[in-house]
Amino acid sequence: ALRQTDGAIIWREPAGLKSAGPDGLTATATSLYVCGDLPGAAGSTLVALDPATGAIRWQRAVACRYRSLVEANGVIYQFGAALTAMRASDGATLWSATTQTNDLGFTSVQVDNGVIFAAATIIYPRSFVICGNWWSGGPLFCHHQAFIAAFAGATGARYWQAPIGDYLRLLSGTTLH
């Protein structure tokens with residue numbers, strides 16, 4: 001972390017933390033989240049840091065994806081193969097939802113007035129499903145239909161799901177109606 005006025009180093013990453021790279025960092029209004037490896041940890045770890053001091057607030061063994069965190073109202077929403085809500089203060093899981101497919105994952109998330117809007121598109125391109133193509137005389141391999149879903153931020157209850165074209169990304173900073 002550098003001081004804004006003169007670029008002096010305030011702190012460096014905590015000892016032993018091996019960041020997954022600059023794309024593994026997510027800054028929010030209250031925390032800095034790093035996806036990386038810690039000594040003694042088995043696999044990737046999500047680490048919450050105090051942005052002022054660099055002190056580790058908490059750590060949690062999770063499958064991290066780059067730039068896959070959104071924070072709103074004291075809750076972190078991590079997305080990828082699943083959409084998981086975690087309490088920002090300690091990383092405790094509040095709820096989790098999946099796409100219920102083997103090839104789609106949540107690739108973009110926005111929060112508006114306690115509703116979570118998540119776009120699900122193909123994240124496992126080599127994982128196919130069999131789809132019928134009776135006109136050509138046999139089955140073909142294809143992917144599930146991409147979709148947007150709306151979830152209750154507090155409970156994870158799915159309000160609705162609507163099919164979309166492939167590779168949609170929700171725009172940040174946009175109020176959804």
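Tutor: Two strands pair if DSSP finds at least two bridges between them. Please keep in mind that the model discussed here is predicted.

Student: What is the bridge partner of Q78 in β8?

Tutor: The partner of Q78 in β8 is T84. In β8, Y77 likewise has a bridge partner, namely A85. These bridges belong to the pairing of strand β7 (residues 75–79) with strand β8 (residues 82–87), which is antiparallel and runs over five bridges. A hairpin with two residues connects β7 to β8.

Student: How do strands of a sheet pair in general?

Tutor: Strands of a sheet pair through backbone hydrogen bonds, in either a parallel or an antiparallel sense. In this structure, four strands form an open sheet in the order β6-β7-β8-β9, with antiparallel pairing. At its edges lie β6 (69–72) and β9 (93–98), each of which pairs on one side only. From one strand to the next, the twist averages 15°.

Student: Over how many bridges do β8 and β9 pair, and how many residues lie between them in the hairpin?

Tutor: β8 and β9 pair over five bridges, in the antiparallel sense. Their hairpin has five residues between the strands, and G91 in the turn shows a positive phi of about 80°. One of the bridges joins A85 to W95 in β9.

Student: Which kind of aromatic pair do Y77 and W95 form?

Tutor: Let us begin with the whole structure, where a search finds six aromatic pairs. Among them is the pair of Y33 and W58, which is tilted, at 6.1 Å centre to centre and 50° between the planes. Because Y33 lies in strand β3 (residues 32–37) and W58 in strand β5 (residues 56–61), this pair ties together parts that are 25 residues apart in sequence. Y33 is buried at a relative accessible area of 1%, and W58 is buried at 6% relative accessibility. Y77 and W95 also form a tilted pair, at 6.2 Å centre to centre and 50° between the planes. Since Y77 lies in strand β7 and W95 in strand β9, the pair ties together parts that are 18 residues apart in sequence.

Student: Are Y77 and W95 buried or exposed?

Tutor: The cut-off for buried is under 20% relative accessible area. Y77, at 4% relative accessibility, therefore counts as buried, and W95, with a relative accessible area of 6%, is buried as well.

Student: Which residues do ring pairs link into a cluster?

Tutor: The cluster consists of Y77, W95, F106, F147 and F151, linked by ring pairs.

Conventions:
Residues numbered from 1 in each chain as written. Predicted model: local features only at pLDDT ≥ 70, side-chain atom pairs only at ≥ 80, totals over all residues. Heavy atoms only, no water. Axes fitted to C-alpha atoms, helices over the stretch in contact; angles between N-to-C directions. Phe/Tyr/Trp six-rings, centres within 6.5 Å; stacked < 30°, edge-to-face > 60°. Buried < 20%, exposed > 50% of the residue type's maximum accessible area, 1.4 Å probe, protein only.
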